[in-house]
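Reader: Can you walk me through this one? I'm new to reading structures.

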Amino acid sequence: MSTSVINLVIIVLLGIAYMFTYSLVISKFLNKISTPKNTAILMIYFSALLSAGVNLYHISEISTNAFTFFFDKQDFANAILYSIGFFLGMWIFSFSFFWISFFLVGMFTSQVEKHELSRNNREIAGLHGVVLITLSFVIAPVLISIAAQFIPYPELPF
């Protein structure tokens, strides 16, 4: 079986696990604010999933690079461990970033966000969603450049 097919299977499995577990955790958190979920809560929920998806998209590229590098060196354990490590690291970042975004939005608005979300304030939910998604597009490439430094590529002679 070729490297690309094995990598594809691993990326698909890790991606499904990433999004499924992330959606469960975020859903549980948002259920504490309002059950059943109102429109504002659903806006935050889908924004969080989209933000995590942006992060997932970016981490899958560096994971593929690491997998190919180690697989070509016949280091199968590191090929899989690096893939899992990158996905796990980005999952933790996505979750942390979701929590931090509540602080950021709360810092720039005079309202208590959780209270406003429970009252179905769609404007604050939209603002929070835009912050999550936009900052994911901005921050994820930087995280990828940091993650790339962990792959022990050989030094070039020039």
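Author: What follows is a short chat about the helices, the packing and the surface.

Author: This is a predicted model, where local features need pLDDT of at least 70, side-chain atom pairs count only at pLDDT 80 or more, and totals for chains, interfaces and linings use all residues. Residues are numbered from 1 along each chain as its sequence is written, and side-chain values use heavy atoms, with hydrogens and water left out.

Reader: OK, how many helices and strands are there?

Author: The protein has 5 helices and 0 strands; these are DSSP runs numbered from the N terminus, H or I of at least four residues for helices and E of at least two for strands.

Reader: And what box do the C-alpha atoms fill?

Author: Roughly 60 × 35 × 15 Å, taken along the principal axes.

Reader: At what angle do helix 2 and helix 5 pack?

Author: Helix 2 (residues 39–72) meets helix 5 (residues 122–148) at about 10°, and their axes are 9 Å apart. The axes are lines fitted to C-alpha atoms over the stretch in contact, with angles from 0 to 180 degrees between N-to-C directions. Helix 2 is therefore roughly parallel to helix 5 (angles under 35 degrees count as such).

Reader: What share of the protein is buried?

Author: Of its 158 residues, 42% count as buried.

How values were computed:
Parallel < 35°, antiparallel > 145°, perpendicular 65-115°, else oblique. Buried < 20%, exposed > 50% of the residue type's maximum accessible area, 1.4 Å probe, protein only.
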